[in-house]
Amino acid sequence: PAWLRRLCGQLLSERLMRPNGVQAVVRGIMEGTGGGTDAEAAAVDWRKCDAVAKILASCPQQCLSLEDYYKHVCPQILDLLHIQDKLTARQFQRVATTTLLTMAKEHPQLAEKHLLQPLLAPLLRCSDA
């Protein structure tokens, strides 16, 4: 029903905008994925990662502005690249890179400001020296 979809969207949006909200949502969706070695498990893993990336790249209707959404969510997406657990890191990195690519295609200026510049800042500092 429409009311349930709206309510779930609102709850998801609120969670994503909180500190560590992106990681909590990704962990919740990806739980129980991976660890298998067969092709079917890998395909399910890829589909889940892509689905999570699409969710993260889409600004919720409840958000005040696209800029505000990117400002809150993008640093959390970059944090997904620094997970230490090897199995979790692989999935989180896949979600982060797919989200980054999607955001860069859909809103290049915002993605450059909130994702690419922070990601490339250490390299740029080294090249300026």
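This is a predicted model: local features need pLDDT of at least 70, side-chain atom pairs count only at pLDDT 80 or more; totals for chains, interfaces and linings use all residues.
Colleague: Where does H6 bend, and by how much?
Modeller: Helix H6 covers residues 108-128, which is 21 residues, yet its end C-alpha atoms are only 24 Å apart. A straight helix at 1.5 Å a residue would reach 30 Å. A proline, proline 122, follows within four residues of the bend. The bend is at alanine 121, and its angle is about 50°.

Colleague: Which residue forms a salt bridge with lysine 113?
Modeller: Side chains of opposite charge can pair when their charged atoms come close. Here the count comes to one salt bridge. The pair links distant parts of the chain, with lysine 113 in helix H6 and its partner in helix H4, 46 residues apart. The closest N and O atoms are 3.0 Å apart, and the partner of lysine 113 is glutamate 67.

Colleague: Is glutamate 67 buried or partly exposed?
Modeller: Buried means under 20% relative accessible area, and exposed means over 50%. Lysine 113, the other member of the pair, has a relative accessible area of 46%, so lysine 113 is partly exposed. Glutamate 67 has a relative accessible area of 30%, so the term for glutamate 67 is partly exposed.

Colleague: What is the relative accessible area of valine 26?
Modeller: Valine 26 sits in helix H2. Beyond its neighbours within four places in sequence, valine 26 is in contact with Val52, Leu56, Leu80, Phe92 and Val95. Valine 26 is buried, and its relative accessible area is 0%.

Colleague: Is threonine 98 buried or exposed?
Modeller: Threonine 98 has its place in helix H5, residues 86-106. Not counting residues up to four places away in sequence, threonine 98 touches Asp50 and Ala53. The cut-off for buried is under 20%. At 19% relative accessibility, threonine 98 therefore counts as buried.

Colleague: How many Å apart in space are cysteine 63 and glutamine 10, C-alpha to C-alpha?
Modeller: Cysteine 63 is found in the loop between helix H3 (39-57) and H4. With a relative accessible area of 15%, cysteine 63 is buried. Its contacts, leaving aside neighbours within four places in sequence, are Met17, Asp68 and Tyr69. Glutamine 10 is 53 residues away in sequence, and the C-alpha distance is 9.1 Å.

Colleague: What is phi of asparagine 20 near?
Modeller: Asparagine 20 is in the loop between H1 and helix H2 (21-30). Its relative accessible area is 53%, so asparagine 20 is exposed. Phi is positive here, in a residue other than glycine, and its value is near 60°.

Colleague: Which residues make the nonpolar surface patch of about 400 Å²?
Modeller: One of its members, leucine 11, lies in helix H1 (residues 2-17). Leucine 11 is partly exposed, with a relative accessible area of 48%. The residues that make the patch are Trp3, Leu4, Leu7 and Leu11.

Colleague: And for the chain as a whole, what share of the 129 residues counts as buried?
Modeller: The chain has six helices and zero strands. Among contacts with a separation of 6 or more, 66% are between residues 24 or more positions apart. The accessible surface is about 8200 Å², and carbon and sulfur atoms hold 58% of that surface. Of the 129 residues, the share that counts as buried is 32%.

Technical notes:
Residues are numbered from 1 along each chain as its sequence is written. Side-chain values use heavy atoms; hydrogens and water are left out. Helices (H or I, at least four residues) and strands (E, at least two) are DSSP runs, numbered from the N terminus. Buried means under 20% relative accessible area, exposed over 50%, partly exposed in between (1.4 Å probe, protein chains only). Contact means heavy atoms within 4.5 Å. Accessible areas come from the Shrake-Rupley method with a 1.4 Å probe; for residues, only the protein chains shown count as cover. Patches are made of residues with over 30% relative accessible area and no salt bridge: like charges are joined within 9 Å, nonpolar side chains (Val, Leu, Ile, Met, Phe, Trp, Tyr) within 5 Å. A salt bridge is a side-chain nitrogen of Lys or Arg within 4 Å of a carboxyl oxygen of Asp or Glu. The expected span of a helix is 1.5 Å times one less than its number of residues. The bend at a residue is the angle between axes fitted to the seven residues ending there and the seven starting there.
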